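Here is a briefing on the structure shown below, written for a reader who wishes to check each point against the coordinates.

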Amino acid sequence: MGGLQKKKYERGSVTNYITRNKARKKLQLSLPDFRRLCILKGIYPHEPKHKKKVNKGSTAPRTFYLLKDIRFLLHEPIVGKFRDYKVFVRKLKKAYGKTEWTAVERLKENKPAYKLDHIVKERYPSFIDALRDIDDSLCMCFLFSTFARTGKCHVQTIQLCRRLTVEWMNYVIASRALRKVFISIKGIYYQAEVMGQLVTWLVPYQFSHDHPTDVDYRVMATFTELYTTLLGFINFRLYQSLNLVYPPKLDIKAESELKEEDDEDYAMNSESYLEKLSALSTSLARMVSTAEEEETELDKFPVEEEDLEKMEAREKEQKEQETQKKLFEGLKVFLNREVPRESLAFLIRCFGGEVSWDKSVCIGSTYEVTDETITHQIVDRPNVDKQYINRYYIQPQWVYDCVNAKILLPVEDYFLGVTLPPHLSPFVEEKEGDYVPPEKLKIMALQRGEKPANEQEEEEEEEEEEDDEEEEEDENEEEEDADEEVEEKNLKKMEEQRSQGKSLPVKVTAGKVKVDNPARLEQEEKAEEKRLAIMMMKKKEKYLYDKIMFGKKRKIREANKLTAKRKAHDDAEKSKKKAKK
Amino acid sequence: MFPRVTFDPGCSHALPLTPDVPTCSVMEESSSSTRRSEQEEEMEKQTEKTVKKRSKEEEEEEEEVFTFNKKCTEEEEDLSDSEDSVFSGLEDSGSDSEDDEEDEEEEEGSADEKAQNAEYLKVEPEQTPQIKEEEEKKKGAVTEGEEEKQEDEYQHDSSDEEDIRNTVGNIPMEWYKDFPHIGYNLDGKKIYKPIRNKDELDDFLDKMEDPDYWRTVHDKQTGSDIVLSDEQVELVNRLQRGQFGDVNFNEYQPQVEFFSQDVMLHPVTNRPADKRSFIPSLIEKEKVSKLVHAIKMGWIKPRRTEDASRGRYYDLWANEDSSILARHKMHLPAPKAPLPGHQESYNPPPEYLFTDEEHALWEQQDASDRKLPFVPRKFSSLRQVPAFPRFLHERFERCLDLYLCPRQRKMRVNVNPEDLIPKLPKPKDLQPFPTTQSLVYRGHSGLVRSISVSPSGQWLASGSDDGSVRFWEVRSSRCMRTVPVGGAVKSIAWNPNPLVCLLAVAQGSVVLILSPSLADRQVILSTERLLSGQREAESVEEAGPVKWSDVEGEELSQGIRLKIQHPKAVHQVTWHAKGDYLASVMPDHSSHLQVFIHQVSRRRSQNPFRKNKGLVQCVSFHPVRPYFFVGTQRSVRIYNLVKQEMTKKLQANSKWISSMAVHPGGDHVICGSYDCRLSWFDLDLSTKPYKMLRHHKKAVRGVAYHRLYPLFASASDDGSVIVCHGTVYSDLLQNPLIVPVKVLRGHVITHDLGVLDVTFHPTQPWIFSSGADGTIRLFT
């Protein structure tokens, strides 16, 4: 019995973790400061593998941070700034209490401030890292830029968010990076491909928010602080990569044009500049005024055969993208005042179209309604008083659907007063066995270049036929099943009678010739084989297998449910139509 | 700095400047107007008072004292600044009037109104002291109210050098009530009261006759009556109406902005600067020194220069050096927010919308259980889409997730389920094995507990709960014989020796040895010989717990030859492969008398165990070697009968062993248990099961090996018999191959019991099973 007794919980995984309260004490910070620090530095709790061991035998719910993380926070210069701020607040309070207004003023001038540049650099050592993590910052900035200029947060923050989002949108337009867009009930989702990274963000609709009470704005403000810094640096870098001037400037030509028109309407030049930028109707000034971007063609390397296919696929994809980028080129669109201007202008400009709106809606309109060369006018009202013959009057969904379909869809479905086809999410990628809405199939057919005309009825008929076939099959199966059942019953009856000792009425009936379907037999055999093999699985694998199969079955069930629902709906529609006729 | 001076438009001020020079005094509109209104009020009061006073005088002289007194006090209260002017004599001095005149002139600001002024001048001497009083009072107010005045005004200030005829000063005049004089003039002579002999009647007569009575005013300072002129009456009337005294005064003249943003050449006043403005302030010095000290001590920091770099962006990633360490390996990036599906669309396909039931379900569910955090909605056009009410919440929750949610790396299993299925040889390649049900043996009325096939494979014996043993011909499913034994048959076993035709039957506490005589003569003879050999040994038999007895009478004719009486109920009987020894099991917790081994040829029994090692479930002989397998509740013990010791103990890893079978090779054992398992032991490998098969859904009742083919089968309460292929290799390094090949169904489950016993045909790949439904089935 030699040696010291080993104490419990002094080695092993316990030493890697620290509870939140302990961490807070170690850093000597109040909870709000600790929270802010965690947000800014991107420190988050970790779930230990063996919670009970780490929790020293207790099973109480606790959050654990990695001890390394907390140690890493110890050396953060911002912690010192937090403490300075605390002191500042205390001094300010004292000065107020003593009504020493000069002191108050002086203190306010010397309010401690901190910069987050080094944190951004530390969290995202390379630019691509930062780009990868930009989704949340975009969402947050777009949200903050829609806030009213009163109340919930500093006006400067809101203005900064607005500026950054406008810069971002301008970049996306300039680089034509937008790929997908989706109008949801929450807001509008956009997805852009920036330097090979897919960036998705959500923009809320332009309504005032009713600020809920159970939302802590301090947390959101802290996040926004970080996000604005990050987004600013990213914007700078992106503008640089496109040779654009960084605080963005309008093209000189465009600027002069705009100036002529609107200078009287907008009082402050500084304000109106952002407005003009946010109008998104003009291109930006470039550092080096190159006439046009020269398309660099990839050099072709001699490749092996395996890669050849890949290369071809990639080239094809690239070509597709190029065509998508020029989707709206040559279109001249006019936005009516009731449609969401910013979103549509952004979209149309992203794909090379020209766009304008009524002068009174926003600064930066480039042509009037009366312009004869307008090809499309986007309208979201039941009817329009004065219609020009040489342009289409379409609903806004057309633009969004075109972007997602990567082709110009036929405009007939989107005319005024027409019931719109469903708007589908471009983010869903159906795998095999998933439910695919018929509208998507239709669009896919269009993309393949199939003829869109008189498709509907044919399809319906086809569908019906298919359904009938299926039904027939089902019936056949059922019949067979029924046959078997009948036989079984007969047998059972006989058995019963026999067991009861009754003498059977001996009778020979002409037997039916049972036609064995060889294919089916084979199938059955295979199924049995599989069943038997499954019996031999190990316990662990069996569990996993069962789980996977359960998931698969559930998926199939859901798909079936959706199909059934759709069918019921279509039937109801059809019967309605018939009733009308 | 120009001194900020307010002037009252109600009275006149002389400015030394000519009107064409831009004036630099300001009339503050608001203050002047308020002051104006104040003075108007005062004037009104004054006039009212005088009028009142007069009427009072008329009434009573005695009261006059009181009223005077009162009035004076009132005056003191109201017009404290114009005290001295009250006592200024009846007539105004010339200088005073001039002063006024000048003021007027200044106010008009134009020379061409001199005519009017002349008129005014004419009127001036006739003005009653009352009015003078008003004027002076106004001026007094001004002089008192203003700190700084033009030089002129100081020069002509008449407040202390007024021409006073009565020098008594500001005293209540009632003090002179009893005197004939009312005061003294400047020379010190008495001023006598005018002779007043007017009584009430005179007064009345005056009132009636004198047309000017209404404009006669009593001056109490001099005691004389004064008749007001027309102008004066007019003035009184105007003041009563709240108008300015001066007819020509324009109260709405255009305002002159004296103080504007333009810097003027000249100061507003030329008052010399104070001395203190040239001397450094001590207080300031003290303050400055304090600040200096604070700065020296570092208490006050100099004003921070506005950081130009703040809010400026630059190329942060210009030099992507690796000096800043990337986060350590444990860093888990936050998962991206899930992308929206079709349900979230503002105009989703109709199948994604909720039906009423789904909506009700959604409402009922707890927020965490919901599949979708929102209800899909459909809008016919984009303009009808409202703001999403939970947008802020969702953003906030995302924030919380980012900094509060513990992160853990979870490996997602990405396997093709098909890969998980073990690759087994196809059953087709492992033929022969029984596949179809070919015969059903009916006849028993109770459940058939046990079956056994004769070594020749021609006969099948079955024992049932209906108290009978039946013999069937295998090929024809005909019941050849029925032997009633008078109780439920627990177990039945055919002697494996092909030269003997004997059957052991366990019924109650008796083991019966039956000779069914279903064989050719040779066999029957040898059987007889074996049984007769017993008789010889009969005498040797000692009295023990087991009693052997011969059967006589009817039972003998049935074929029952011997009865072995046991102390307790026998559950199982089994033969040794040679056919001479027979083992019987009487499960009992408490005693060591659980297993007996009988030798038929010598009619001898013995209990091999001295100790109770647990409840014995089943026993079996090793097919070739002198080993004896005893299956207790949880384990199988293997005894060497020659050495009389235990050689191995197999842990079955199951709760309750139900049955056991030994491979014809003797190196493998399978055990069925009531907890649905079948364990295969490789005796050379380990005492733990080589394989556990959980094929059955319910308790396994019986297991069996085929004697020739590599097959084994298990029967279970779920009504199925599973036939497995189990190849045993002679090579010790190769493990046995176990493949389930067929699930045989046919038995009907009655009273939760399915198949009770299973046995293979000795030569053919056929299998017999007996079930609780009273049937025996043959699968080929």
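Predicted model: local features only at pLDDT ≥ 70, side-chain atom pairs only at ≥ 80, totals over all residues.

Residues are numbered from 1 along each chain as its sequence is written, chains are lettered from A and ligands numbered from 1 in the order in which they are written, and side-chain values use heavy atoms, with hydrogens and water left out.

**Interface of chain B and chain A**

- Counting contact as heavy atoms within 4.5 Å, 94 residues of chain B meet 125 residues of chain A.
- The buried area, that is, the accessible area (1.4 Å probe) that two parts lose on being put together, summed over both, is about 9,500 Å² between chain B and chain A, and carbon and sulfur atoms give 62% of this.
- On the side of chain B, the residues that lose the most area to chain A are B:Tyr313, B:Trp317 and B:Tyr403, which together account for 10% of what that side buries.
- The rule for a salt bridge (a side-chain nitrogen of Lys or Arg within 4 Å of a carboxyl oxygen of Asp or Glu) finds twelve across this interface; one of them joins B:Glu351 to A:Arg566, with the closest N and O atoms 2.8 Å apart.

**Helix α10 of chain B**

- Helices here are DSSP runs (H or I, at least four residues), numbered from the N terminus, and α10 of chain B, residues 282–297, has 16 residues and reaches 22 Å from its first C-alpha to its last, close to the 22 Å expected at 1.5 Å a residue, where the expected span is 1.5 Å times one less than the number of residues.
- With buried taken as under 20% relative accessible area, exposed as over 50% and partly exposed as in between (1.4 Å probe, protein chains only), one of the 16 residues of α10(B) is buried, so the helix lies largely in the open.
- At the N-terminal end, B:Ser281 caps α10(B), a side-chain oxygen lying 3.3 Å from the backbone nitrogen of B:Ile283, while just after the helix B:Gly298 takes a positive phi of about 85°.

- Most residues other than glycine have a negative phi.
- A:Tyr9 has a positive phi, near 60°, and is partly exposed, with a relative accessible area of 30%.
- B:Gln644 also has a positive phi, near 60°, and is exposed, with a relative accessible area of 64%.

Conventions:
Helix = DSSP H or I, 4+ residues; strand = E, 2+ residues; numbered from the N terminus. Polar contact = N/O pair within 3.5 Å; in protein donor to acceptor, adjacent residues only side chain to side chain.
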